[in-house]
There are 2 protein chains.
Amino acid sequence: MKVIVIGATGTIGRAIVQAIGNRHEVILVSFSKSMIKVDIADKTSITKMFEKIGRVDAVISAAGLAKFGPLAELTDADFALGLENKLMGQVNLVRLGIDRVNDNGSFTLTSGILSRKPMKGSIAISMVNSALEGFGRAAALEMPRGIRINIVSPNWVIDTLKAFNMDPAIGTPVEVVAQAYMQALEGTMNGEVIDAIK
Amino acid sequence: MKVIVIGATGTIGRAIVQAIGNRHEVILVSFSKSMIKVDIADKTSITKMFEKIGRVDAVISAAGLAKFGPLAELTDADFALGLENKLMGQVNLVRLGIDRVNDNGSFTLTSGILSRKPMKGSIAISMVNSALEGFGRAAALEMPRGIRINIVSPNWVIDTLKAFNMDPAIGTPVEVVAQAYMQALEGTMNGEVIDAIK
């Protein structure tokens, strides 16, 4: 399959490319570090990306920004970041990409464990991750031509926990998270939220 | 308790007022039909409402607009309506109301069954309802002074189904839905998503 991986240079994106790279033709896309770039918060940028790449069998997104911070400190702009970038950015990959994905292809987007296991400071992220899961469940009912859509909800990745000086014992190896994307890509599931938790 | 009910003239709001009106001091608020009005999509309007009413023990919201329609027809503005009105409108009731709610008070917001049981055309609504549920779970961890926050997720109300020419057999009487708000108001639950389904 010809597969776009957006966020290909991030922690999870790199692991996805590693996992599927020798099984499929992978086009790496990121905000700034790949040959092909995209700003998912900008619809024009998304359209240009699809025009550059042409038709594909699958779109995987492990991209999207949202703000961590306590309710008392989050600004309107902090909430808007998550809504415009991680949420509508990924939603718009589907809206603008649907006519560019081949029959029986797939979209796989990324939410995260904070949707259902929040922590102090995760309000804006929990909200956006939950929204993506609701979007995926509903969008699956309307996908044309056998196209599937699923949401991977990764647990904390061990490397991320280490970078934040958090306890790595609660985390999941990034290779395990990457398997969830491969299952979504190669399997038959549709409208699922796949918990990538070991 | 002194309780604000926002959306007090809607199908669910009226039933909430009916259920709690003889047990609490209820201030009815709506977009256009009450003595006290609010446009939840407008932060200034929310602040003016709280200034007019003064301190309260609880805020119940059964308000918020989001657009029903198939993915292929939803515009950017349709997605924005749900995000700015039903989602951020209710989120902003909490952000702007938190310092006006008494110790051990509560917020009760409204999502809806489409968050987890989507149907064709519910994409924008399912997304927003899920977002509210994620927000509620996370916000509960940060509420000060014993304040609680819960989300009621009402099933389809029988009267609404009838109005849409849908099968009323799948619906819930609005009086049953109203009981969920009373439980959230008078109980001890926090961070819960209360399925108002009979």
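**Surface, fold and pairing**

Tutor: The accessible surface of chain A comes to about 8,200 Å², and 52% of that belongs to carbon and sulfur atoms. Such areas come from the Shrake-Rupley method with a 1.4 Å probe; for residues, only the protein chains shown count as cover. This is a predicted model: local features need pLDDT of at least 70, side-chain atom pairs count only at pLDDT 80 or more, and totals for chains, interfaces and linings use all residues. Side-chain values use heavy atoms, without hydrogens and water; residues are numbered from 1 along each chain as its sequence is written, chains are lettered from A and ligands numbered from 1 in the order in which they are written.

Student: What percentage of chain A counts as buried?

Tutor: Of its 198 residues, 56%. Buried means under 20% relative accessible area, exposed over 50%, partly exposed in between (1.4 Å probe, protein chains only).

Student: Which elements does chain A have, and in what order?

Tutor: Chain A has six helices and seven strands. They run β-α-β-β-α-β-α-β-α-β-α-α-β from the N terminus. Both kinds are DSSP runs numbered from the N terminus: helices are H or I, at least four residues, and strands are E, at least two.

Student: Switching to chain B. What is the strand order in the sheet?

Tutor: It is β3-β2-β1-β4-β5-β6-β7, an open sheet with parallel pairing. Two strands pair if DSSP finds at least two bridges between them. In chain B, β3 (36-37) and β7 (193-196) stand at the edges with a single partner strand each, so one side of each has no neighbour in the sheet.

Student: How many bridges join β4 and β5 of chain B?

Tutor: Four, between residues 56-61 and residues 101-110 of chain B. I60(B) has T108(B) as its bridge partner in β5(B).

Student: Which strands does helix α4 of chain B touch?

Tutor: Helix α4 (residues 123-139) of chain B touches β5, β6 and β7. Contact means heavy atoms within 4.5 Å. The helix direction makes about 155 degrees with that of β6(B). Axes are lines fitted to C-alpha atoms, for helices over the stretch in contact, and angles run from 0 to 180 degrees between N-to-C directions.

Student: What rotation superposes chain A on chain B?

Tutor: One of 180 degrees, with 0.0 Å of shift along its axis and RMSD 0.0 Å. That is the relation of a two-fold axis.

Student: Which residue of chain A comes closest to the axis?

Tutor: A131(A), at 2.1 Å by its C-alpha.

Student: Why do you say the copies meet through the same surface?

Tutor: Because 100% of the interface residues of chain A are also interface residues in chain B.

Technical notes. Least-squares fit on C-alpha atoms with pLDDT ≥ 70 in both.
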